[in-house]
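The structure I worked from comes next.

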Amino acid sequence: MITPIAHNYKGLISITGPTKSGKSKLAEFLISEQELVTYIATSKPRPNDSDWQVRIDIHRKRRPDSWTLIEHPKDICQAIESIEGNESILIDSLGGLVEQHLIKDDDQWNNFQMKFLNCLSEDNLCIVVVSEEVGWGIVPATPIGHLFRERHSTLTSLISRQSKKRWLAINGTAIDLDKFGDLIP
């Protein structure tokens with residue numbers, strides 16, 4: 001049986017899964033008993049995409065009013081660094097963050113990626129990162145789609161490697177990867 005994380009938990013937790021797998025619900029449940037939670041929503045609004053707006057609204061309605069909300073910050077590391085050590089952070093999701101940085105060249109992306117990984121390594125915070133599994137689907141037919149998939153998959157793997165706890169959500173079922181798997185050397 002899954003239980004929320006302990007009040008004093010400090011460290012990085014990664015949750016991955018495909019679309020509509022329950023990964024965001026799992027993240028919200030795991031962090032639900034923390035006193036102070038800052039929710040960082042990485043996706044920018046898409047006013048011309050009504051389906052996307054419905055999905056964002058579902059997430060908004062599920063969040064407790066007591067949680068602090070930061071929407072699509074320009075500098076996510078600065079946002080994380082501004083959060084006090086007694087707060088917990090839920091970042092939902094990695095796809096929106098990668099999307100914001102697609103225009104960067106490889107050097108700029110690698111610099112951002114390293115900076116982001118460093119700010120996630122703060123052991124004085126509880127940080128939960130939700131990430132879509134994008135490598136299980138079709139091979140993107142466009143260069144930008146391929147770039148998104150490659151950057152997203154690499155960043156997801158790097159975050160998982162430095163996480164203290166790893167979860168996979170699939171079809172509404174949570175799988176504790178630390179109980180059933182080992183990191184590949």
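**Entry 1: the whole chain**

I noted before anything else that this is a predicted model. I counted the secondary structure and found seven helices and seven strands, and, reading from the N terminus, I wrote down their order as β-α-β-α-β-α-β-α-α-β-α-β-β-α. I then looked up the radius of gyration, which is 16 Å and close to the 16 Å that the globule rule gives for 185 residues, so the chain is as compact as a globular protein of that length. Along the principal axes, the C-alpha atoms fill a box of roughly 45 × 40 × 35 Å.

I also looked up how much of the chain is covered, and buried residues make up 43% of the 185 residues. The accessible surface comes to about 10500 Å², and carbon and sulfur atoms hold 53% of that area. Among the contacts with a separation of 6 or more, 78% are between residues 24 or more positions apart.

**Entry 2: helix α2**

I checked the length of α2, residues 50-62, against its residue count: at 1.5 Å a residue its 13 residues should span 18 Å, and the end C-alpha atoms are 19 Å apart, which agrees. Which residues of α2 are buried? I found Gln53, Ile56 and His59. They cover an arc of only 120° around the axis, which puts them on the same side of α2. The spacing made sense to me once I recalled that an α-helix has 3.6 residues a turn, so residues three or four places apart point the same way.

On the face turned away from the buried side of α2, I found the exposed residues Ser50, Asp51 and Lys61. The buried residues of α2 pack against α1 (23-30), β2 (37-41) and β4 (88-92), and I went to β2 next.

**Entry 3: strand β2**

I found that five of the five residues of β2 are buried. I recalled that in a regular strand the side chains alternate between the two faces of the sheet. Both faces of β2 are covered, with Val37, Tyr39 and Ala41 buried on one side and Thr38 and Ile40 buried on the other.

I then looked for the partners of β2. With β4 it pairs in the parallel sense over five bridges, and there Thr38 stands opposite Ile89. With β3, residues 68-71, β2 also pairs in the parallel sense, over four bridges, and Ala41 has Glu71 as its bridge partner in β3.

I found a cis peptide bond between Asp92 and Ser93, with omega about 5°, and Ser93 lies in the loop between β4 and α4.

Phi of Lys20 is near 55°, a positive value in a residue other than glycine, and Lys20 sits in the loop between β1 and α1. Is Lys20 buried or exposed? Lys20 is exposed, with a relative accessible area of 67%. Phi of His72 is also positive, near 30°, and His72 belongs to the loop between β3 and α3. His72 is partly exposed, at a relative accessible area of 26%.

Key
Residues numbered from 1 in each chain as written. Predicted model: local features only at pLDDT ≥ 70, side-chain atom pairs only at ≥ 80, totals over all residues. Heavy atoms only, no water. Helix = DSSP H or I, 4+ residues; strand = E, 2+ residues; numbered from the N terminus. Expected span 1.5 Å × (residues − 1). Buried < 20%, exposed > 50% of the residue type's maximum accessible area, 1.4 Å probe, protein only. Arc of directions from axis to C-beta. Contact = heavy atoms within 4.5 Å. Rg over C-alpha atoms; globule rule 2.2 N^0.38 Å. Areas by Shrake-Rupley, 256 points an atom, 1.4 Å probe, with all protein chains shown as cover. Pairing = 2+ DSSP bridges.
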